[in-house]
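Subject: Structure handover

Hello,

Here is the structure we talked about. Please open it alongside this message; my notes follow below.

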Amino acid sequence: MDRKRDRGWNLEKGEWVYGNYFEVRAGLDIFGNEEYFAGMICEDSRSSANAGNFTMVDVVRESAGRSTGEFVGGQELFEGDIIRVENVSPDGVDSGETGTGVICYGICNGWGQNYIGFYIDWKCTGYAFHDKNLNSWIDACRNPNTFWGWEWNMTIIGTVYEQTLREAQNQSLPAESSMV
């Protein structure tokens, strides 16, 4: 069954929760402005006696992101993930082209073409990184030599939300993700 899958950070559990993201109107603030809190419907474990039951779990609104439907190294890619892409020539020599970016969803312009969908907001420069289309990069990583004859490797190195938490706690990030 093809289902929309979202992810959000639950403060109480201190972990990511998965399900269908939605926002619920909580009421009005003292100025009469609408206040919202984010919610997530999460299906209980399919192996438990409660299979099929749904539980609403609060998540941090800024942490919510949708699944791209793609996987990298066995990990599902979500909006808000920070990725690193590096290339190696067919003979195993590092070409030196390495880029860090954030998975986003929306209107994008890459190689002079506008489209709506998942794209990479690159935090680097380099000719290859003019292509923001996530699907192009997924294809290049799965099929060596499709992108200028180079083999590309993609890894998830964190999320924007986790980086924000670390910065708030005054913890330093690894050098490769400090660009984001």
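S67 is buried, because its relative accessible area is 15%, under the 20% cut-off. Please keep in mind that this is a predicted model.

S67 sits in strand 5, which spans residues 65–72. Its side chain makes a polar contact of 2.6 Å with the side chain of E76. Leaving aside residues up to four places away in sequence, S67 touches R5, E76, L77, F78 and F118.

E70 is also found in strand 5. Is E70 buried or exposed? E70 counts as buried, because its relative accessibility is 17% and the limit is 20%. With residues up to four places away in sequence left out, the contacts of E70 are Q75, E76, L77, N135, I138 and R142.

Now the overall layout. The protein has two helices and ten strands. Along the sequence the pattern reads β-β-β-β-β-β-β-β-β-α-β-α. Of its 180 residues, 36% count as buried. Take the contacts with a separation of 6 or more: 42% of them join residues 24 or more positions apart.

Next, helix 1. Helix 1 covers residues 134–142. At its start, a side-chain oxygen of N133 comes to within 2.8 Å of the backbone nitrogen of N135. Which residues of helix 1 are buried? They are L134, W137, I138 and A140. These residues lie on the same side of helix 1, because they cover an arc of only 160° around the axis.

A128 lies in the loop between strand 9 (113–122) and helix 1. A128 counts as buried, because its relative accessibility is 0%. A128 and G99 are 29 residues apart in sequence. In space, the distance between them is 9.1 Å, C-alpha to C-alpha.

For an exposed position, go to I107. I107 is in strand 8, residues 94–110. Its relative accessibility is 66%, so I107 counts as exposed; the threshold is over 50%. I107 still touches Y115, I116 and Y119, not counting residues up to four places away in sequence. F118 is eleven residues from I107 along the chain. The C-alpha atoms of I107 and F118 are separated by 8.5 Å. F118 is also one of the residues that S67 touches.

Last, the second largest pocket. How much space lies in it? The volume is about 160 Å³. Its lining is made up of R7, W16, E62, S63, A64, G65, E79, G80, T159, V160, Y161 and T164. By type, the lining residues divide into four nonpolar, five polar and three charged. Helix 2, residues 160–168, gives the most to this lining, with three residues.

Best regards

Technical notes: Residues numbered from 1 in each chain as written. Predicted model: local features only at pLDDT ≥ 70, side-chain atom pairs only at ≥ 80, totals over all residues. Heavy atoms only, no water. Helix = DSSP H or I, 4+ residues; strand = E, 2+ residues; numbered from the N terminus. Buried < 20%, exposed > 50% of the residue type's maximum accessible area, 1.4 Å probe, protein only. Contact = heavy atoms within 4.5 Å. 1 Å grid on protein atoms, 1.4 Å probe; cavity = no way out; pocket = protein on both sides within 12 Å on 5 of 7 lines; lining within 4 Å. Points joined across faces, edges and corners; volume = space filled by probe spheres on them. Nonpolar A, V, L, I, M, F, W, Y, C, P; charged D, E, K, R; others polar. Arc of directions from axis to C-beta. Polar contact = N/O pair within 3.5 Å; in protein donor to acceptor, adjacent residues only side chain to side chain.
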